[in-house]
Every structure is written in structure tokens, then in C-alpha cells.
Amino acid sequence: MGKSSKLKTKNILITGGAGFIGSHVVRLFVNSYSEHHIFNLDALTYAGNLENLTDIENKENYTFLKADITDADKINDLFAEYQFDAVIHLAAESHVDRSITDPLAFAKTNIMGTLNLLQAAKNTWKSKLHPSGGQGALFYHISTDEVYGTLGATGLFTEETNYDPNSPYSASKASSDHFVRAYGETYALPYVISNCSNNYGPNQFPEKLIPLFINNIIHKKNLPVYGDGNYTRDWLYVIDHAIAIKLLFEKGKLGETYNIGGFNEWKNIDLVKLLCRQMDKKLGREKGESEQLITFVNDRPGHDLRYAIDAGKINKELDWKPSVTFEEGLSKTIDWYLANEAWMQHVTSGTYQTYYRKQYTSEEGE
Ligand code: NAD
Ligand code: DAU
């Protein structure tokens with residue numbers, strides 16, 4: 001634990017920092033806040049990959065902690081040791097399809113894991129818990145628009161939309177949001193929650209639509225579109241999400257919820273066709289070649305028809321809006337995957353689970 005003696009003004013705990021969104025948040029925080037120490041706590045499940053963070057792993061204000069949020073004793077010990085001032089909680093099981101085959105794993109990590117963090121924060125911040133504010137302490141929960149269930153052809157999710165989750169994943173995230181709110185109401189735990197739409201960008205695990213299809217197009221494999229492909233999602237470039245998280249970390253009002261979205265709705269089939277067009281150009285293939293890989297397959301059970309976010313609150317209060325159009329963001333994303341074929345190769349072959357984590361298993365123990 002060589003870095004504990006160098007702790008600076010604030011100790012900020014980010015959970016799930018080896019995953020897709022978490023790694024972008026960790027990088028932004030480490031590079032933006034030299035006065036704070038950033039702790040990245042991650043269990044390194046199949047979704048955690050320290051190769052995402054090789055550029056910042058040796059920074060003075062960064063420490064990686066290998067730990068599982070479902071291990072209450074370990075979490076309590078880490079809070080006692082480092083006295084975290086703020087928690088940004090991203091660690092979760094995040095893939096809807098996996099939640100359909102293994103719902104219990106989602107309840108364990110997303111509900112019980114969140115409760116373990118809430119308990120540890122409540123106990124550590126005992127002297128700071130007062131309805132008038134948290135004296136610098138903050139529990140910031142990163143959540144999803146899927147808690148609101150599905151929209152029909154029109155309308156937008158606002159912060160006032162009732163929770164109505166349809167998948168085991170979204171039910172587990174809704175439950176964890178409710179627990180965060182309950183700790184705010186019951187124990188005056190200072191919290192912020194944000195509910196974001198679909199993210200895309202570099203470092204996303206290739207089980208999710210965009211990286212899966214980029215990889216399949218590269219290798220000329222089928223593109224399995226669920227159902228008729230007329231499902232709609234609101235897409236946001238991951239770095240814009242990370243910037244929104246930093247803004248809310250600094251300026252979000254305690255006890256409030258913020259929706260974050262891309263103002264960018266796409267039917268899956270239209271998105272896939274755009275992706276095929278962009279990739280054909282970049283790979284020097286015939287126009288229309290990759291579209292031939294589209295294959296309509298059985299639908300996802302309980303598939304939500306449409307998500308669309310009204311991000312007016314964060315836009316008005318904090319002047320946040322996405323910095324790139326979808327066409328630009330998608331093009332940057334494809335370029336990243338094409339330039340980082342080794343990353344994809346390590347992930348798809350499984351070597352990322354041995355090489356990049358062995359240095360931590362010996363240092364931190366398991
Ligand atoms: P991800 O699956 O890429 O990463 C999750 C990370 O959490 C991994 O590094 C994994 O190792 C870690 N983790 C999982 N279980 C853990 C445990 N028990 N203890 C400690 N660490 C554990 O997920 P993501 O897509 O980056 O999503 C991050 C967060 O953002 C999640 O809470 C998710 O619900 C939320 N979110 C995601 C999106 C999206 O489009 N991906 C949109 C809105 C909200
Ligand atoms: O809305 C936010 C959510 O977005 C996050 O909370 C989740 O963590 C994240 O995984 C994402 O959930 P989705 O289920 O919307 O993402 P996914 O990439 O799995 O699917 C996007 C859409 O594409 C969805 O309508 C299902 C469809 N799809 C997905 C895959 C993997 C396909 O048609 N074929 C596929 O192979």
C-alpha cells in the first residue's frame with residue numbers, strides 16, 4: 001500500500017473504474033484533480049480490464065484496490081483504512097442479456113454491493129451526517145435510464161418519471177437507486193444520483209451492441225439484430241458522460257437526481273446501417289458490403305421498445321451538453337477499435353484476465 005502516505009486533500013473512491021465508463025471517469029479525475037487522491041476499487045470481473053488504464057496507472061494520485069463490493073468486511077476495512085471523503089459508484093453487472101440468464105448475480109452485486117458501500121459510507125461519515133449537508137462527503141450513484149422502463153413512440157424520460165423497470169438488470173439498478181435515496185432520507189447521507197442513456201466509445205466490452213458489431217464487421221461475421229430492429233436507444237459518447245459525472249460531482253445538488261442523455265435517438269436497425277456504411281468506407285470495402293451481414297434473430301425477452309432522455313435539467317443547471325454528434329462519436333469509436341486491435345484481441349482471447357491483473361493479485365491479495 002505504498003501510496004497511502006501520499007494522500008492529498010480528498011480521498012475519492014471510484015468503484016468499477018476498470019470497466020468501460022469507470023475507466024474514462026478515473027482517467028478524467030486523475031488528470032483533473034492533482035490535489036485529490038483517486039482510488040479505483042474493482043473486483044476485475046470479466047468486464048474489468050486494467051489495460052484500459054495503462055496511461056495513468058503510475059500517477060502519484062492514483063491507487064488501484066482489487067476488491068469485491070459484495071464483500072462487506074473488505075469494504076469496511078478499506079473505508080476504515082483510507083477514510084474516503086467521496087464515493088462515485090459505478091461497479092455493477094451491466095449487461096441486460098446476462099441479467100436474463102443470471103438474475104441473482106445482478107441482485108448480489110447491484111443491490112447488496114451498493115448496500116455494503118452505503119453502510120460503510122454511513123459509518124465512516126457518522127459525524128458529518130446532517131440534513132443541512134454532508135460537509136464535503138458525497139455518495140454519487142451512477143445509474144441508468146432503464147429504471148424508467150419503456151417509452152412508446154413518443155415522450156421522454158424526465159427526473160419525475162416513475163420507476164418501472166422491466167429486466168432483472170434494470171430492477172436491480174432501480175432497487176439500488178431506492179436504497180441510495182432511502183439512506184439520504186433516513187440517515188441524511190449526502191447523495192446525488194444520475195440516470196444516463198446508452199453509452200458508446202473506446203474500451204466498451206464487445207458484448208454490447210456497438211463494439212460487438214464493430215468486431216463482427218471487421219471479421220465479416222453476422223450482425224445479430226434482435227427482433228425487427230425497430231427498438232430505439234438514445235446514444236451518448238462515453239467521454240461526454242464522464243464530463244457530466246465530473247460536473248455533477250462538483251456542482252450537483254445533494255439529494256437530487258439528474259438525467260443524462262445524448263439528445264440522440266436511433267432505431268437499432270438505422271444505427272447498424274450507419275455503422276456498416278462508416279466501416280465499409282474506413283475498411284475500403286464495397287458500399288453495402290457489411291449490411292449483408294445483418295441477420296435478424298430471436299428477440300430479447302422483455303425488450304424495452306424505446307428509451308429517450310430529457311436532459312434539460314443538467315443542461316440548464318450546469319450548462320452540460322454532448323460535445324460530439326453521433327456521426328463524429330461513432331467515427332472516433334470505430335477509429336479507436338481499428339487502432340487498438342490488440343485490446344480487442346486480448347479481450348476476446350481472455351488474456352486480459354491474466355496478464356494485466358497479475359501484478360495486483362500479488363500486491364493486494366485476494
Ligand atoms: P462495465 O460492465 O463495463 O464495468 C463494470 C465494472 O464493475 C467492471 O470493471 C467490473 O470488474 C466491476 N465490477 C463488477 N462487479 C463488481 C463487484 N462485485 N465488485 C467490484 N467491482 C465490480 O459497466 P459500464 O458499462 O462501464 O457501466 C458502469 C456503470 O454505469 C454501471 O453501474 C451501469 O449500470 C451504469 N450505466 C451504464 C450505461 C452504459 O451504457 N454502459 C449507461 C448508464 C448507466
Ligand atoms: O440505457 C442504458 C443502458 O444501456 C445501460 O444501463 C446498460 O448497462 C447498457 O448495457 C445499455 O443497455 P442496452 O440493453 O440498451 O444495450 P445493448 O448494447 O445490450 O443493446 C442495445 C440495443 O441493441 C438493444 O435494443 C438490444 C439490441 N441488440 C443488442 C445486442 C448485444 C441487438 O439487437 N443485438 C445484439 O447483439
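Let me start with ligand 1, which has 28 residues around it, the closest being Ile21, Asp42, Ser94, Tyr169 and Lys173. A residue is counted here if one of its heavy atoms lies within 4 Å of the ligand.

Before going on, some ground rules. This is a predicted model, in which local features need pLDDT of at least 70 and side-chain atom pairs count only at pLDDT 80 or more, while totals for chains, interfaces and linings use all residues. Residues are numbered from 1 along each chain as its sequence is written, chains are lettered from A and ligands numbered from 1 in the order in which they are written, and side-chain values use heavy atoms, with hydrogens and water left out.

Back to ligand 1 and its polar contacts. A polar contact is a pair of N or O atoms within 3.5 Å; within protein, one must be able to donate a hydrogen and the other to accept it, and residues adjacent in sequence count only if both atoms are side-chain atoms. The backbone of Gly19 places an N or O atom 2.9 Å from an oxygen atom of ligand 1. For Thr45, a polar backbone atom is 3.0 Å from a ligand 1 oxygen. Lys173 uses its side chain instead, with a polar atom 2.7 Å from an oxygen atom of ligand 1. On its own, ligand 1 has 840 Å² of accessible area, and the protein covers 96% of that. Such areas come from the Shrake-Rupley method with a 1.4 Å probe; for residues, only the protein chains shown count as cover.

Which elements give two or more residues to the shell around ligand 1? They are α1 (20–32), β5 (138–144), α5 (168–187) and β7. β5 gives the most, with 3 residues. Helices (H or I, at least four residues) and strands (E, at least two) are DSSP runs, numbered from the N terminus. By class, the shell of ligand 1 holds 14 nonpolar, 11 polar and 3 charged residues. Ala, Val, Leu, Ile, Met, Phe, Trp, Tyr, Cys and Pro count as nonpolar, Asp, Glu, Lys and Arg as charged, and the others, Gly among them, as polar.

Next, ligand 2. Around ligand 2 there are 24 residues, and Ser94, Thr144, Asp145, Tyr169 and Arg300 are the closest.

Now the salt bridges. Side chains of opposite charge can pair when their charged atoms come close. The cut-off is a side-chain nitrogen of Lys or Arg within 4 Å of a carboxyl oxygen of Asp or Glu. The structure holds 11 of them. In one, Lys208 and Glu207 have their closest N and O atoms 3.4 Å apart. Are these two residues buried or exposed? Both Lys208 and Glu207 are buried; buried means under 20% relative accessible area, exposed over 50%, and partly exposed in between (1.4 Å probe, protein chains only). Arg98 joins Glu207 and Lys208 in a network of salt bridges.

Lys313 and Glu256 form another, at 2.6 Å from N to O. Lys313 lies in helix α9 (residues 312–318) and Glu256 in strand β10 (residues 256–260), so the pair ties together parts 57 residues apart in sequence. Lys282 and Asp335 also meet in a salt bridge, at 2.9 Å. Here Lys282 is in helix α8 (residues 268–282) and Asp335 in helix α10 (residues 326–339), 53 residues apart.

Last, two backbone angles. Most residues other than glycine have a negative phi. Gln83, not a glycine, has a positive phi of about 50°, and sits in the loop between α2 (72–82) and β4 (86–89). Ala188 has a positive phi of about 60°, in the loop between α5 and β6 (191–196). Gln83 is partly exposed at 43% relative accessibility, whereas Ala188 is buried at 15%.
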